[in-house]
Amino acid sequence: MEQVKTEEQYNAILISLAYECPLYIDNVNCPLKDVRLKNLYEKMKWLCNLSIATKKTIYQYHTNCFSEHQAQDKIVCRQNQQTLSINTAK
C-alpha cells in the first residue's frame, strides 16, 4: 500500500475503490459497497461530502481488508504448494 498524505491522494484512491474492489470481494461490511452502485456524478458528490477523517477511516478499512485477504491468499498458496509436493512425491 502506498503512503497517503494529502486529501487529493485520498480522493484519487477512494474514487478508484468506489468503482470496484481490487480483490473482487463482495464484502457486506465494506463502506464502499453501496457507493459502487452509483454513477460517476453521484460518486463525486458522495466523495465531496466526506470529511478528511471519514476518508482516512475508509482508506484504513481498505488497507486492513487488503492485508487480511493477502495473508489468507499466502496461506492457501503455501497449503497448495505443500499438497502439490506431497502428491508429486508419491
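Analyst: A note on terms to begin with: helices (H or I, at least four residues) and strands (E, at least two) are DSSP runs, numbered from the N terminus. K55 is found in helix α3. This is a predicted model, where local features need pLDDT of at least 70 and side-chain atom pairs count only at pLDDT 80 or more, while totals for chains, interfaces and linings use all residues. Residues are numbered from 1 along each chain as its sequence is written, and side-chain values use heavy atoms, with hydrogens and water left out.

User: Is K55 buried or exposed?

Analyst: K55 is buried, at a relative accessible area of 3%. Buried means under 20% relative accessible area, exposed over 50%, and partly exposed in between (1.4 Å probe, protein chains only).

User: What does K55 touch?

Analyst: Not counting residues up to four places away in sequence, K55 touches E7, Y10, N11, L14, L47 and L50. Contact means heavy atoms within 4.5 Å. As for L14, its C-alpha lies 7.6 Å from that of K55, although the two are 41 residues apart in sequence.

User: And H69, where is that?

Analyst: H69 lies in α3 as well, the helix that covers residues 52-89. H69 counts as buried because its relative accessible area is 18%. Leaving aside neighbours within four places in sequence, H69 is in contact with L23 and I25.

User: How many helices and strands does the chain have?

Analyst: There are three helices and zero strands, in the order α-α-α from the N terminus. Of the chain's 90 residues, 26% count as buried.

User: Which residues lie nearest the centre of the largest pocket?

Analyst: Those are C21, I25, N27, C30 and R36, out of 16 lining residues. A pocket is an open set of points on a 1 Å grid over the protein atoms alone where a 1.4 Å probe fits, with protein on both sides within 12 Å along at least five of seven lines; lining residues have an atom within 4 Å of a point. α3 gives the most to the lining, with five residues.

User: New topic. Where is Y19?

Analyst: Y19 is in the loop between α1 (7-17) and α2 (40-48).

User: Why does Y19 count as partly exposed?

Analyst: Because its relative accessible area is 44%.
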